[in-house]
Amino acid sequence: MAMELMKMPQLGESVTEGTISKWLVKPGDHVTKYDPLAEVMTDKVNAEVPSSFTGIIKELKADENQTLAVGEVICSIEVEAAKTDNGNAGQVSHSEENVEAPVTRDVQQASAEPSRKARYSPAVLKLSQEHGIDLSKVKGTGNEGRITRKDLLKLVESGNLPKADEPSAISDSAPETIAPQVNRQTSPVTNVTTAAGDKEIPVTGIRKAIASNMLKSKHEIPHAWTMVEVDASNMVKLRDNLKSDFKQKEGYNLTYFAFFVKAVAQALTEFPELNSMWAGEKIIQKKEINISIAVATEDALFVPVIKNADEKSIKGIAREIQELASKVKAGKLKAEDMQGGTFTVNNTGSFGSVQSMGIINYPQAAILQVETIVKRPVVINDMIAVRDMVNLCLSLDHRVLDGLVCGRFLARVKEIIEKISKDNTSIY
């Protein structure tokens with residue numbers, strides 16, 4: 001028998017640690033390769049960590065709600081002796097572990113070091129809010145100086161809690177020359193009383209991750225909002241004429257949403273400023289146009305990504321929307337399916353909404369809400385006509401974007417949608 005070590009994988013771009021939200025195994029359990037071992041929560045995703053080996057769980061190296069750096073051991077597995085290519089028995093290549101774990105390398109690792117230290121895990125943020133701890137005055141003992149849950153628990157036990165109005169006596173290092181960070185990633189604990197008949201619903205790991213990311217967006221990003229009204233009558237007519245044959249031929253639906261995503265991707269090639277992200281001392285304009293789309297379940301929201309959407313046809317985008325939505329509903333969405341998004345398009349119209357203000361999908365610079373298409377009378381050439389109208393609502397990061405470029409971007413999306421016709425629009 002040989003002993004192998006499972007390590008904390010990197011579950012997203014720039015992710016440096018994860019929190020074990022729930023163990024799915026215990027010592028003595030037999031697992032096969034790819035069996036889920038634990039649910040892990042990061043500030044970007046909630047995911048299951050699969051086993052890279054077949055064998056017996058010997059020891060869990062971390063407790064639930066404990067945060068570990070990427071590469072730290074989470075458990076040990078006793079595996080059966082196996083022969084490798086060179087004939088040695090009882091040896092299992094550790095490179096296999098690296099292949100199976102969903103690892104994504106951060107190509108900007110060296111340049112991102114200063115900003116990394118100012119990011120905190122959900123478990124650390126929760127403890128800091130519960131006890132009113134000023135994280136900027138805490139010296140971390142984790143990887144690269146990161147603050148861990150154990151660091152805060154020691155402070156709580158000692159009673160020496162650094163508050164916002166106290167001078168720093170914890171850190172012995174000089175202040176870092178980085179932009180100040182807002183640490184209020186989660187809401188402060190509120191004393192809410194319960195009465196007979198009230199139902200208490202535990203907050204799941206994915207719900208905590210959603211709350212953390214949304215609050216981070218609202219606290220750090222100065223949101224601004226603008227809207228245009230679009231006449232989608234030609235698009236509706238074209239889609240309605242094609243949908244039956246398309247479904248029969250392709251096996252999935254040709255949705256209105258696919259037309260909107262394609263129009264946005266095309267407009268982003270002409271206005272790349274909206275395909276950008278704030279990075280403190282600089283703005284990073286992304287080369288790839290990767291459209292994040294919001295897919296909701298009964299109790300959670302997922303944001304999978306259509307990669308290189310500008311290079312895809314309306315048919316290709318419709319297929320990816322269908323595939324990603326199916327993965328979400330089946331619980332098969334992977335961490336890599338939600339990585340790399342540069343701009344978000346949200347189909348709020350599917351719920352009947354006609355106007356909404358979206359919260360930007362951090363760290364992107366904008367999100368477009370596509371509202372429901374409504375038939376109503378409009379004036380055309382001094383005559384009243386019934387048209388299929390839709391509102392497009394854009395939330396923008398005012399650090400990165402201003403009204404002029406956003407107005408021109410929306411005007412271009414409006415123009416693309418209104419000019420759609422069977423004569424100038426290719427589905428395939």
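Where does asparagine 381 lie? Select asparagine 381 and you will find it in the loop between β18 (374-380) and β19, where helices (H or I, at least four residues) and strands (E, at least two) are DSSP runs, numbered from the N terminus. Its phi is positive, about 55°, although asparagine 381 is not a glycine. With 71% relative accessibility, asparagine 381 counts as exposed; here buried means under 20% relative accessible area, exposed over 50%, and partly exposed in between, with a 1.4 Å probe and protein chains only.

Before going on, note that this is a predicted model, in which local features need pLDDT of at least 70 and side-chain atom pairs count only at pLDDT 80 or more, while totals for chains, interfaces and linings use all residues. Residues are numbered from 1 along each chain as its sequence is written, and side-chain values use heavy atoms, with hydrogens and water left out.

**The whole chain**

Among contacts (heavy atoms within 4.5 Å) between residues at least 6 apart in sequence, 67% join residues at least 24 apart.

**Helix α9**

Select residues 403-418 next: this is helix α9, with 16 residues, and it reaches 22 Å from its first C-alpha to its last, close to the 22 Å expected at 1.5 Å a residue, the expected span being 1.5 Å times one less than the number of residues. Colour Val405, Cys406, Phe409, Leu410, Arg412, Val413, Ile416 and Ile417, which are buried in α9. Seen down the axis of α9, these buried residues fall within an arc of 155°, so they line one face of the helix; the arc is that of the directions from the helix axis to the C-beta atoms. Gly403 and Leu404 are exposed, on the face of α9 turned away from its buried side.

Which elements do the buried residues of α9 pack against? They are β9 (223-231), α6 (233-250), α7 (256-270), β16 (343-346), β17 (366-370) and β19 (383-397).

Two packed helices are described by the angle between their axes and the distance between the axes. The axes are lines fitted to C-alpha atoms, for helices over the stretch in contact, and angles run from 0 to 180 degrees between N-to-C directions.

Show α7 together with α9: the two pack at an angle of about 135°, with their axes 9 Å apart. That makes α7 oblique to α9, given that angles under 35 degrees count as roughly parallel, over 145 as roughly antiparallel, 65 to 115 as roughly perpendicular and the rest as oblique. The crossing of α7 with α9 is right-handed, a term used if the near helix is turned clockwise from the far one by less than a right angle, left-handed being the anticlockwise case. To view the contact, select Phe259, Phe260, Ala263, Val264, Gln266, Ala267, Leu268 and Glu270 in α7, which meet Phe409, Arg412, Val413, Ile416 and Ile417 in α9.

On the α6 side, Met235, Val236, Leu238, Arg239 and Asp240 make the contact, and on the α7 side Tyr256, Phe259 and Phe260 do.

Now bring in helix α8 (residues 314-330), whose axis comes within 9 Å of that of α7 and crosses it at roughly 120°. α7 passes α8 in a right-handed crossing, and the contact joins Phe257, Ala258, Phe259, Val261 and Lys262 of α7 to Ile314, Ile317, Ala318 and Ile321 of α8.

Is glycine 55 buried or exposed? Glycine 55, found in strand β6, is buried, with a relative accessible area of 5%. Not counting residues up to four places away in sequence, glycine 55 touches Asp29, His30, Val31, Ile77, Glu78 and Val79.

Move on to aspartate 63, in the loop between β6 (55-60) and β7 (67-69), which counts as exposed at 55% relative accessibility. Leaving out residues up to four places away in sequence, aspartate 63 touches Ile20 and Trp23.

For backbone geometry, select tyrosine 362 and proline 363, which are joined by a cis peptide bond with omega about 5°; proline 363 lies in the loop between β16 and β17. Finish at tyrosine 34, in the loop between β3 (30-31) and β4 (36-41), which has a positive phi of about 85° although it is not a glycine.
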